[in-house]
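The following exercises are to be worked with the sequence and the three-dimensional model at hand. Each task is followed by a solution in steps.

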Amino acid sequence: MNMQAMLMQAQKLQRELQKAKAELAAKEFVIEKGGAVKVTVLGNKSVKSIEIDDNALKEDKEMVQDMIVLAINEAHEQIKTAEEEINLQLTGRKEGIGM
């Protein structure tokens with residue numbers, strides 16, 4: 001493969017990774033814990049919303065706080081897995097190029 005073809009292939013891969021990264025950033029990951037907490041995190045790892053059941057607020061504040069933390073952490077793990085799947089699909093490796 002000549003240098004021109006390698007460069008074109010690398011540029012194509014970079015465009016595909018950028019497109020996949022943009023799609024992932026907009027994707028919503030919704031995690032529910034115990035029917036009391038629902039957290040929505042975007043693929044760029046920003047928290048979009050947190051919903052807490054009114055009855056849960058009357059119960060145990062620490063439990064609700066723990067459920068929120070667990071839900072956010074689970075969403076981040078799902079995002080990491082999605083990033084790895086994108087990288088594996090496009091590059092054949094879990095570690096990405098700029099992901």
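**Exercise 1.** At the start of α3, which backbone nitrogen does a side-chain oxygen of D60 reach?

*Solution.* The model is predicted, so local features need pLDDT of at least 70 and side-chain atom pairs count only at pLDDT 80 or more, while totals for chains, interfaces and linings use all residues. Residues are numbered from 1 along each chain as its sequence is written, and side-chain values use heavy atoms, with hydrogens and water left out.

Step 1. The backbone nitrogen is that of E62, and the side-chain oxygen of D60 comes to within 3.2 Å of it. A polar contact is a pair of N or O atoms within 3.5 Å; within protein, one must be able to donate a hydrogen and the other to accept it, and residues adjacent in sequence count only if both atoms are side-chain atoms.

Step 2. At the other end, α3 is followed by G92, which has a positive phi, near 85°.

**Exercise 2.** Identify buried residues of α3 and what covers them.

*Solution.* Step 1. Buried means under 20% relative accessible area, exposed over 50%, and partly exposed in between (1.4 Å probe, protein chains only). The buried residues of α3 include V64, I68, A71, I72, A75, I79 and E83.

Step 1. An α-helix has 3.6 residues a turn, so residues three or four places apart point the same way.

Step 2. The cover includes the helices α1 (3-26) and α2 (54-58), together with β1 (28-33), β2 (37-42) and β3 (47-52).

**Exercise 3.** Where is K45, and which residues does K45 touch?

*Solution.* Step 1. K45 lies in the loop between β2 and β3. K45 is partly exposed, because its relative accessible area is 39%.

Step 1. Not counting residues up to four places away in sequence, K45 touches H76, I79 and E83, where contact means heavy atoms within 4.5 Å.

Step 2. K45 and K80 are 35 residues apart along the chain, and their C-alpha atoms are separated by 9.6 Å.

Terms used. Helix = DSSP H or I, 4+ residues; strand = E, 2+ residues; numbered from the N terminus.
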